[in-house]
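Visitor: I want to learn how to read strands and surface patches in a model. Can you take me through a case?

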Amino acid sequence: MRKYIFPVFIAFMLILPFLYLPVLSAAGAWKYPSLVPESWSAAHWDRLLASRDGILPVVTLSVILSGSVALLVTVTGFIFGRLLTGCSGKRQIQAAGYLAYAFSPVIYAYCLQFFFLKAGISGTIAGVIIVQFLLFFPFSVIYFISHWGRNMVSLEELCFTLGSSRRTAWRMALIPVSVPALRTAFLQIFVFSWFDFGLTQVIGQGRVSTLSLTVWQYLAEADPYIAAAGSCLLLLPPAILMLLNEKTIRFRP
Amino acid sequence: MNIKVNNISVNRSGQQVLNGLSFELEDGHILSVMGKSGCGKTTLLRVIAGLGSSDTGNIVIGGRDVTLVPPQERGAVYLYQEALLFPHLNVLDNLSFGLRIRGEHKKSADEKARDMLEQLDLASHAAKKSEQLSGGQRQRVAFGRALLVSPAVLLLDEPFSNLDSETRAAMQQLYRKMAQERGITTIFVTHDLKEAVIMGSRLSYMEAGKLHLYDNLNSFAADTRTGMQREIGFWQSFDKK
């Protein structure tokens, strides 16, 4: 019996936030000290979906923005990781990559804001994509420097000696071999971007309305029910991506 | 094809790895290269394959100077200690990989790969992924993949070092038989004295960035650097007991 208690407890603690948010979003009346709502209602969801200009454009913008950032950062990190393989300053660059995470993303955004204002991209989607790229790109490079180890370089060399051009080697060997790593990087950066608040708030200047910012606004308005409904939407795309990633890894033929 | 290496020197970070190294290997021969760790054996293979550059000298394969030719066009396939099979492909696709990247049609490439599978005694493993094979089977696939592209020169860098002794012995026989049947000129780097003698139709020892080729097994055995006398002495000491 005892061997089940800890795994069940840990599993419950991990699942709790994911259970609590849908329950709160569908609660009609929920007063202390009840452990579960006394009644259920779809009113909060109706309000969320009908609120302001509608939630669908916000979700669409968030998916496009995070997808673009994740794709851009993953692809450039993959290429730069290869370019840095065998370079003498690789370790120093890898160490420098951590500098971007030495201070808060909001402070980082404020430091960069001047340049974004000068360039005229502050308050635009392009500006938010660029600032997120700047913050997440070092992570991608650090990640892919480790990926491009001796084994990957040897695979590339093997392709060459078998008669392959560089382009064919990448198309038929290196990219297919790297798919699990690329998928993991994409997923992680998508999640970073999806949940980003500070960078989007500062550089977007309130004109780029993502789902994270919208949920935050509901919280600021002290409306926990509608914020919970928004949070459920916020959790959905990363949860789907994680599930797909986990399934592909587990059921890889 | 015969291979001629003339006055090759490689200096890496102030260290003379290859020092005016020269040798010639006739068509269809297998040259065993022995030598201590760090003596430059791998560097020599990489320079011949075009994966590393030399400071001086030139390399001629089949009468063509390939010193400045990229690795893709040299016809010299380099095999590593690890089999380096592609994890996203099955055994058949791994075998036909070299043909496919050269633009051969899938059907024709698969036919040739199936023939090779038979010769390697791996026909029943065609659909398996590399992680489902043993170390010896993986090396056989890697060897078959190299043979299928009909290389001018095969460069083997301790390909059996990670195998157990029984598999190793079987692989030595298979490699030698198949390379000789196809008349492929081969350079075989090894630390193992017995393996060098079994595999090589020519024997050599590398030291201080230079390669010494022996005329026959007796002259190889007579050179104390090769360790053969010590090995013979070791086994003779059992006779005395």
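Visitor: Which residue stands opposite Val153(B) in strand 8 of chain B?

Guide: Thr185(B) does. Remember that this is a predicted model. Start from a facing pair, then read the whole strand pairing. Strand 7 of chain B and strand 8 (residues 185–189) of chain B run parallel, joined by five bridges.

Visitor: Which strand pairs with strand 7 of chain B over four bridges?

Guide: Strand 6 (residues 76–79) of chain B, again in the parallel sense. Here Val77(B) stands opposite Leu154(B) of strand 7.

Visitor: How many residues of strand 7 of chain B are buried?

Guide: Buried means under 20% relative accessible area. Strand 7 (residues 153–157) of chain B has five of its five residues buried. Now check the side-chain directions. Val153(B), Leu155(B) and Asp157(B) point one way. Leu154(B) and Leu156(B) point the other way. Both sets are buried.

Visitor: Now the surface. Which residues form the negative surface patch?

Guide: Glu111(B), Asp115(B), Glu118(B) and Asp121(B) form it. Glu111(B) sits in helix 3 (residues 106–119) of chain B.

Visitor: What is the area of the nonpolar surface patch that includes Phe9(A)?

Guide: About 1,000 Å². Among its other members are Phe6(A), Ile10(A), Met13(A) and Leu19(A). Phe9(A) belongs to helix 1 (residues 2–25) of chain A.

Conventions: Residues numbered from 1 in each chain as written. Chains lettered and ligands numbered in written order. Predicted model: local features only at pLDDT ≥ 70, side-chain atom pairs only at ≥ 80, totals over all residues. Heavy atoms only, no water. Patch = residues over 30% accessible without salt bridge, like charges linked within 9 Å, V, L, I, M, F, W, Y side chains within 5 Å. Areas by Shrake-Rupley, 256 points an atom, 1.4 Å probe, with all protein chains shown as cover. Salt bridge = Lys/Arg side-chain N within 4 Å of Asp/Glu carboxyl O. Helix = DSSP H or I, 4+ residues; strand = E, 2+ residues; numbered from the N terminus. Lys, Arg positive; Asp, Glu negative; His and termini not counted. Charge placed at Lys NZ, Arg CZ, Asp CG, Glu CD. Buried < 20%, exposed > 50% of the residue type's maximum accessible area, 1.4 Å probe, protein only. Pairing = 2+ DSSP bridges.
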